[in-house]
Amino acid sequence: MKESIVIVHLVFVFAVQHCVAQKKEFLSRPFHSSLSRATVKAYLDEIKANSGLIIEYSSNNLRLDDMIEMEGNESTLGQVLQKVLKDQKVKLVEKNNKLILAPSATPINTDDLVPSYALFGFIKEREGKEPLIDATISESGNQKTIVSNAHGYYSLSLPEGNHQLQITYTGYAPKIIDLSLHSNTRMDLEMNPNAPLQEVLVTNSNSLKKDGADRVPGDLNGSYNYFLGENDPVRSVYMFPGVLNVPENFSSMMVRGGGPDENLFLMDGVQVYNPSHMMGALSIINQPALKSLRLYKSDFPAQFSGALSSVMDVYTKDGDMQEWHGEANAGVLSGSFSLEGPVIKNKTAVMASFRHSWPAPVWGSFQNNLTPDFYDIHFKLTHLLNKNNKLMLNFYNGQDKLYQTSSSMDNLHKWGNLLGSLSWNHLIGAKSFINTSVNYSQYHNLGGYTYTLLDDQEEAVQSRSLGVQSSIEQFNAGVQAEIFLSARLRLNTGLKYNHTIVKPLETKITMQLEDNQSGFTPFNPLSFNESSGYAELGYKPSGRFILRPGVHLSYYQFMNYTNFSIQPRFFAAYQVDQKSQLFASYNQMTQYLHLVTNPYVGLNTDLWLPSTAKLLPEQSESFNLGYAFNNKGTFTFSISGYYKFLQQVTNYANGSSYFVNDQNWEQSIESGTGWCYGMETMLQWSTRKFSFHTAYTLSWSWRQFQGINNGEKFPYRYDRRHILNVALTYHISNRIDISGLWCFATGDAVSLPGYIYPDYDLAQQISNPDDLLKNYRFIYQFTGANQYRTGNYQRFDGSVSYHNSTRSKIQYQVATGVYNINGSPDQYSYDLLGSVSTKSLFVKTSYIYYDIFPYVSLTVKF
């Protein structure tokens, strides 16, 4: 296996080295004009006579009488032509030692006439040498801009000569560099951090978008990050429009009308199947370990596949190469500790992070129906083999055990993730970079609930507990290359192989709830393989315009079923002026894993199932159009519209059991279609004392299944028409902030009966209609699916934070606040309540998973 991966990596290196375009040789020929000032025609005649080149042109295509003045330091044919052909509407064609000046609709780009060289390297933090993702390098004279990749690598092609560069990165001081470029030059750039970011979700740069990702800086320290005192960076994602947090769902996040299974979560390139603690309320990412987070929901680069609605791409820190430092946090929910530093200075570094929930009595004082127990362990080792090669070893393990109790509920939930990866970064040269990785991901999920058996008098006879267990295990290996073919053209390409083993649902019945993972009725493992590849071009015809066409190809095999998928992608952005830009995208995505979610609140029996000849792969086709305005970060505004069509989405078949086995699982699942469309806006305004952020979503989400609602379309369960989030922060001083958050959403779609009538047939042993007055039951006739709405949801949070000077050797921050000040329920549910001797009634139930909860937390950095 190891040998195969190395061979693939070396094949990519060979291919990359032979893909990089070469500059036309005739432009580098030595040539010095004897004329200091003359007409265009005079210079062309001199070149024709003395350069050895035959020049052909039509006098109708050139302004031959224009006067041109040389500086005297031009030494190549390209440098002379750069002056002579400036603003001329021609293009150069070389053929058989002949130079043809062909007509063109646009003026020639004279930068292409002189040698161009690559300025390349890595952008890092000065103190810890941590690579910086999405740092911007701009050269204003030539209107060229490049953004560092996920490993901090950049390559910028510039004409020979003098240049001034500006390097910017959110949360870091801008940097200006003057240089003279005469050959391919490596320059590793270092930047100094500013104070930690407060309440800023967007950067202060309005450089041309390279993709449609929403970005969360690694050091964001906003009020909306906090959940019961835990600084969770993933919660910032819920402040973006189109993203919905559903606490009662174990996968938690819904994006643009999609289901919980339609989101791909990657941590350092490894897929995480359930990236949350406490039923989706808290993510597995410990804030001190985070380097960057990007959410893709409108545009999907060709490297991504396997999810219809979103991709969350998370990278963690490599570890400080210079000195040791750490961070400790203690709150009412958990305690955490992170440490990073050099094993060998400037050579090898480690980053370790640990978090565990408290068995705190404080928790029970406010939440008497939930008993959480969770932990995270994250370890990363980074080793520099040399300046061109880096190895990274990554390990994560996290577990949850949660008891959910009430007068009518006694449930157990236990789940966890185990991740491992080994990555090799290889800088081939001035214009190419390769990353090769081997990854492992395992997810297991165990749920149990207690039910009571009744006798004829409805007295409890005995209790039983039903346990369910499922798991997913994935092995994959892949290689990715980034190649700068020319000053305007970049190629991203890669290959990947996945092997996945799924155990959908194993069951057992016991006398009481237990978390023992043995003794379950076995379910035959379902394994499948996927081979994929992608290619994507980034083309910038000018400094204001970018086109990014791409395609993702995949071949899937499960037993005797195979599927070949072609997934085209397209992204375009145009910078209208220094503050405004337009962007558009088109995407096709394929997903081979189906998640079928149990509809009962609090019952954790989610089913992951592979695609088969009957249960075809899920597919989506989406369109997006948007506008963004950025006034140097002080005021930003964006608006976008989208339409998404879904195929082969899944649901339990009407009348099927929610507990399947390896004989009936395909018959228990039904496939259908879906439509999602809407409009999203986001506005942010920041001053020295004040920060305001709001996001609004207007959306529709529909589903259609042949066996549901008579085959007619109906609203999706979480079709919330309006979603509004508003965050406000006032900086009382340089050390004290007060913040408030308001979240509002209209109700979910629910199914209720359209007709209610008394049942007086013989089946109820009613022989006389007069008996209806003494003993009767109602029959409920459901006439539609999800045709009614629950009540609106809104929640208020408030917090105050204090931190000492950021220049102190030991820094600390104290945060206190109240979560869910108004005690709002997370969900309204309508249940049918009845028995053999009483009337049937509808009862409205309010579920409050996290009630009014005051908290305090302390963070210390050293």
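Q: Which residues of helix H2 (residues 40–50) are buried?
A: Helices here are DSSP runs of H or I with at least four residues, strands are runs of E with at least two, and both are numbered from the N terminus. Buried means under 20% relative accessible area, exposed over 50%, partly exposed in between (1.4 Å probe, protein chains only). In H2, the buried residues are Val 40, Tyr 43, Leu 44, Glu 46 and Ile 47.

Q: Why do the buried residues of H2 line one face of the helix?
A: The arc is taken from the directions from the helix axis to the C-beta atoms. Seen down the axis of H2, the buried residues line one face because they fall within an arc of 160°.

Q: Which elements do the buried residues of H2 pack against?
A: The model is predicted: local features need pLDDT of at least 70, side-chain atom pairs count only at pLDDT 80 or more, and totals for chains, interfaces and linings use all residues. Residues are numbered from 1 along each chain as its sequence is written, and side-chain values use heavy atoms, leaving out hydrogens and water. With contact meaning heavy atoms within 4.5 Å, the partners are strands S1 (37–39), S2 (54–57) and S3 (67–69), helix H3 (77–84) and strand S5 (98–103).

Q: Is Tyr 812 buried or partly exposed?
A: Tyr 812 is found in strand S52. Its relative accessibility is 33%, so Tyr 812 counts as partly exposed.
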